[in-house]
Amino acid sequence: MAQPEPSTPRRRPGKLLPAAAIALAAVALAFGLRIVPLVRQPIQRLDNVLYDWLYHQRPIERERAADVVIVAVDQKSLTEVNEKLGFGWPWPREYWADIARFAQAGGARAVAFDLLFTERSRYGKETPDDDLMAERMAEVNIPVIYAALAGPDGKFGPFAPPIIDPVFAAANVTDEGTVRTYEPTVHGQPSLAAAAAQSRAQ
């Protein structure tokens, strides 16, 4: 005759209630301490240390498999362009149009420039650099978002290249030494990341 299986012991509600009460009290205490001036800053520093540690423990995405690819200008790039093409920083602006066209050919759905083009190109006396950038950007059919500074009135600052109907997004620099927060809007304008994500989803 088969023996009945032992039943799984059930937790008594009486034991769960004190545990829940202790957890709620700990949460309330943590939030309460945040508003006490003498302990608010130490707790914030502890939060930052824990946040930074957890951030560095995250798995690194493969660049070719990621949804977002950052094309960064590093020292190796600066050295190669200087040695092979003879241009220091900043690079001619027509190069950025070539990068956008290359990204489009590679299947990019949107391009966001985290660069400010507020003044005429320094190479303007030698070549029509801004005009060349505008001509080549006209060949890009995917959304392109240009970084600009949003003023308190919500208006964007100057933009030098004569690009037809450019799309701007706020790229105002944060005051944080280490960036741990990111505002989706700045003075009523979408941030660069928010605008890029929205254009990619369309």
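Y123 is buried, with a relative accessible area of 9%. Buried here means under 20%. These values come from a predicted model.

F87 is partly exposed, at 24% relative accessibility. A search of the whole structure finds 12 aromatic pairs. F87 and Y123 form an edge-to-face pair, because their ring planes stand at 90°. Their ring centres are 5.3 Å apart.

Where do F87 and Y123 lie? F87 is in the loop between α3 (75–85) and α4 (93–105). Y123 is in the loop between β1 (111–113) and α5 (129–137). The pair therefore ties together parts that are 36 residues apart in sequence.

## A tryptophan pair

W89 and W96 also pair up. Their ring centres are 6.1 Å apart. Their planes are at 85°, so this pair is edge-to-face.

Is each tryptophan buried or partly exposed? W89 is partly exposed, with a relative accessible area of 44%. W96 is buried, at 8%.

## The ring cluster

Ring pairs also build a cluster. W89 and W96 both belong to the cluster.

## Charges over rings

Which arginine lies over the face of Y123? R122 does, at 5.6 Å from the ring centre. Y123 thus has two contacts to look for: the ring of F87 and the charge of R122.

Y55 has an arginine over its face too. R58 lies there, at 3.9 Å from the ring centre.

Terms used: Residues numbered from 1 in each chain as written. Predicted model: local features only at pLDDT ≥ 70, side-chain atom pairs only at ≥ 80, totals over all residues. Heavy atoms only, no water. Phe/Tyr/Trp six-rings, centres within 6.5 Å; stacked < 30°, edge-to-face > 60°. Helix = DSSP H or I, 4+ residues; strand = E, 2+ residues; numbered from the N terminus. Buried < 20%, exposed > 50% of the residue type's maximum accessible area, 1.4 Å probe, protein only. Lys NZ or Arg CZ within 6 Å of the ring centre and 35° of its normal.
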